[in-house]
Amino acid sequence: MAVAQRQSLLGLFTSADAAAEALDQLEEKAGITPDDFDVLTSSPYPEGAFGEKPVAHRLYIFPIAGALCGFSVGLLLTIGTQMAYPLVTHGKPIIAIPAMLIVMYEGTMLGAILFTILGILFESRLPAFGAGLYDPRISEGYVGVIVSTTSDRVPVVERVMRDAGAADVIAGPPRGS
Amino acid sequence: MQERPVLSDRQINRDLLDFVLHTPIWFWGVLLLLGLVFGAGFIAVVYLISTGVGVWGENWPVMWAFEITNFVFWVGISHAGVMISAILRLTQAEWRRPVTRAAEVLTVFALATAALHPAVHVGRFWRVIYWVFPYDFFRGIWPNVRSPLIWDPSAIFTYLTGSSLFIYSVLIPDLAVARDRSTGWRRTFYGILALGWRGNPRQWRLQTLAGILLSGLILPVFVSVHSIVSFDFAMALVPGWHSTVFAPYFVIGAVWSGVAAVATLMAILRFMFKLHNYIRPDHFDALGRLLLVVGNAWFYFFLLDFIFGLYAREDTEVQIWQARVFEWPFSALFVIFLLTAYILPVPLLMMRSVRRSVTMMFLTSILINIGMWLERYILIVPAMQYKQTLQFSWSVYQPQLPEWGLVIGSFGLVALGVFLFAKVFPIIPIYEQKESQVFAAEIKVGKVTVPGVIRE
């Protein structure tokens, strides 16, 4: 038995309301579930505005991990270097905790910030050059609805999109490829 | 009440990318002008390095003067940026939208310029690398972490790195818009920087969280940086610098001068790029109110420093304050400082008509920064110039031409940096403007319809 190939369609809608309406129609008439579609917009919309699944992420782990790494580096730079060459200056102790805390604090914060940036990129799945269907009109205010479906259901999905008011429908490779 | 024009995404793209994608003839004129101003500083630094630090007017005991004044001034300016951006993001203040990026960019260029000053001051700046970083693994020689001059670079490095990454992370969606609207090498350039951004719900969700999370992380760094700058003074043995309020006094002073600089920058951007639909009188009104609060808080700390200095009736402290207030030329500078840093701007900012006038806000913010530059000068030089007991080598400080060149050049460098950034990247966040349109609503209250904002 031949296995139906998956294909993606990008429907461009002039408003968020039209896109949300189209997604309702797609669910009702073509059996499209939140796992099968993605929405592309030029600005953030309230979570769930298009009936998409809530975004699961672990971003909050990154700053904690980064802070621990930064703290360790700060500790090494302060205690380690002072112990490596224990020269008394101004009669101050070699391990001067208040002074070390400043460098360790900055190291901790730097680590947290660096790891947060990495976390944002990782959780946003970036970089993602040529990740799938896209149209420059999206940045002009069009709302893009990408539906991933089997090739035999492409005509149905396209018709539903056009009936729901899509200004254009573009076919392409499966989502994420 | 916020005036909120209705703008389409297409128009927002066109307005905010116009200067990025097209080069008007006046661009070259402004570039030349700023290049000349920066050139003055560059020539001054080249002259200093080729001749030696003796070309400056510094002599024992005044070994820090214009350069450290300028350093503290620019670190102060750098504070407003991320402070405004971070606090306004965390509190979800609607009027933040056109202000944040310009403030963040000002932070980065002001901080980078500030960081150049200590390097220039040592005369042989290429050796700073040995001074700051662990370098001699073979002999086991390391920087002295007990010195405030090591705390400073570590704090500034963290703040500069954090601020730069913060700008980049919130710039990615706008880079994607620039990619979509450009052709040729520009498309490739913005395409690479946009990292393949498409704008799906996951990316937007993470982008929103990034702004909040990074704001929360940057704010403590922001407080630490100017506290540590104040430690450069407070932990020294120079009399007149031992006030326990120095750290918060420096931080609030930085915010006062920095928010004023953001107001100056917003006025210039509005005029230069014709951004009347985006930077509106209500934004200046909000900045003016913020300035009013910060200005009074700063004056409170200034008074504390003044009173603490005099109340113990310690001879040295009293004499330093006498020099600051009564001895020429500091006495004249002190009067100008008080007038420009507080007495004139604060009453002006109390007037709604001033806060809503772009020209008046521009002039008032310039006044504040003249005052705040003088504040640092008056704080530093009279204290260093104080002739201590058994001090046999002593001189009066007089700034020389290369020092003036450095100060003027630093303004040129910051202005040039911000201007070139605005040429390459959108200086007003495009997606923030679009988001404000998405979340805008009109609410009917009785017989009037008022603009409102939907918030998640």
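Select chain B and colour it by burial: buried residues make up 49% of its 456 residues, a residue being buried if 20 or more other C-beta atoms, placed from the backbone, lie within 10 Å of its own. The model is predicted, so that local features need pLDDT of at least 70 and side-chain atom pairs count only at pLDDT 80 or more, while totals for chains, interfaces and linings use all residues. Residues are numbered from 1 along each chain as its sequence is written, and chains are lettered from A in the order in which they are written.

Next, display chain B as a cartoon. Its secondary structure comes to 17 helices and two strands; these are DSSP runs, with helices (H or I) of at least four residues and strands (E) of at least two, numbered from the N terminus. The radius of gyration of chain B, taken over C-alpha atoms, is 23 Å, close to the 23 Å that the globule rule (2.2 Å times the number of residues to the power 0.38) gives for 456 residues, so chain B is as compact as a globular protein of that length. Along its principal axes, the C-alpha trace spans about 75 × 60 × 40 Å.

Now select helix H11 (residues 315-326) and helix H15 (residues 358-385) of chain B. Their axes, which are lines fitted to C-alpha atoms over the stretch in contact, come within 9 Å and cross at roughly 125°. On the H11(B) side, the contact (C-beta atoms within 7 Å) is made by B:Ile320, B:Ala323 and B:Arg324, and on the H15(B) side by B:Ile378, B:Pro382 and B:Ala383.

Show both chains and turn to their interface. The contact takes 51 residues from chain B and 51 residues from chain A. On the side of chain B that touches chain A, H8(B) gives the most, with 17 residues.

Finally, select helix H3 (residues 97-123) of chain A together with H6(B), whose axes come within 9 Å and cross at roughly 15°. That angle makes H3(A) roughly parallel to H6(B).

Notes. Buried ≥ 20, exposed ≤ 12 C-beta atoms within 10 Å, placed from the backbone. Axes fitted to C-alpha atoms, helices over the stretch in contact; angles between N-to-C directions. Contact = placed C-beta atoms within 7 Å. Parallel < 35°, antiparallel > 145°, perpendicular 65-115°, else oblique.
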